[in-house]
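Open the model in a viewer and colour the protein chain by secondary structure. The stops below go from the overall layout to the cores and then to one helix pair.

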Amino acid sequence: MSLIKSEYAEEFAVVFAWVSALVPWSVTAAIGSIQGGSLVQIHAPFVVVRFLFDIDVPGPNPLVMLPWESISFYAGAPGPIPFVLYTASTCVIALALLLTLAMWGLEDQVAAARFDEVRAVGGLLLVSAVLLTLSAAVLTLGVPVDAVVSTSFVGVVIPVGLLLQYVFAYVLLTVDRAPA
């Protein structure tokens, strides 16, 4: 069953990819559990923003980082694994955005290609969602392997945009692309 009409599939693919790139995939909140203060961290596809409340730390507050910068920033705890997965997901989202730009700017060439660009965007969103799910799982649970440095992240990980990516991927992968 298709949730969108075939003639609008390309437009929905573009909108879904851009919404996935702009909506934070998760928000982490730790209220009152860090030195009596609170932490709110927003993980958007291309930026991490950390807010600390009632906690004195050296450095900027809020702290703004690119996903690949968070790998080294969190190398100690919770460890780099969730942020490596997050960075890989960012690269996949970037590929989806590039494909949508090609769909818009090189419409005839992309339409003549040997692949369905709508399903390609849906597949990229699905890959991104799976990577982000693994990242959220590692942030929440840690990795129970002695050789791997990873602990659970303080607070609750709320998967805001992650759920949207699964919905978008499902819609794009199940659209009826048969010629009318």
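**Overall layout**

Trace the protein chain from the N terminus: its elements come in the order α-β-β-β-β-α-α-α-α-β-α. That makes six helices and five strands. Keep in mind that this is a predicted model. Of the 180 residues in the protein chain, 40% are buried. Where contacts link residues at least 6 apart in sequence, 61% of them join residues at least 24 apart.

**The nonpolar cores**

Next, select A13, F16, V118, V121, L125 and L172 and show their side chains. These residues touch the most other members of the largest nonpolar core, which has 18 residues. Then move to M65, L139, V157 and L162, which are among the 13 residues of a second, separate core.

**The α5 and α6 pair**

Hide everything except α5 and α6. How far apart are their axes, and at what angle do the two helices pack? The axes lie 8 Å apart and the angle is about 150°. Angles over 145 degrees count as roughly antiparallel, so α5 and α6 are roughly antiparallel to each other. Their crossing is left-handed.

To see the contact itself, select V118, R119, V121, G122, G123, L125, L126, S128, A129, V130, L132 and T133 on α5, with L162, Q165, Y166, F168, A169, L172 and L173 on α6. Coloured by class, the contact of α5 with α6 shows 13 nonpolar, five polar and one charged residues.

Technical notes. Residues are numbered from 1 along each chain as its sequence is written. This is a predicted model: local features need pLDDT of at least 70, side-chain atom pairs count only at pLDDT 80 or more; totals for chains, interfaces and linings use all residues. Side-chain values use heavy atoms; hydrogens and water are left out. A nonpolar core is a set of buried Ala, Val, Leu, Ile, Met, Phe, Trp, Tyr and Cys residues joined through side-chain atoms within 4.5 Å. Buried means under 20% relative accessible area, exposed over 50%, partly exposed in between (1.4 Å probe, protein chains only). Axes are lines fitted to C-alpha atoms, for helices over the stretch in contact, and angles run from 0 to 180 degrees between N-to-C directions. Helices (H or I, at least four residues) and strands (E, at least two) are DSSP runs, numbered from the N terminus. Angles under 35 degrees count as roughly parallel, over 145 as roughly antiparallel, 65 to 115 as roughly perpendicular and the rest as oblique. A crossing is left-handed if the near helix is turned anticlockwise from the far one by less than a right angle, and right-handed if clockwise. Contact means heavy atoms within 4.5 Å. Ala, Val, Leu, Ile, Met, Phe, Trp, Tyr, Cys and Pro count as nonpolar, Asp, Glu, Lys and Arg as charged, and the others, Gly among them, as polar.
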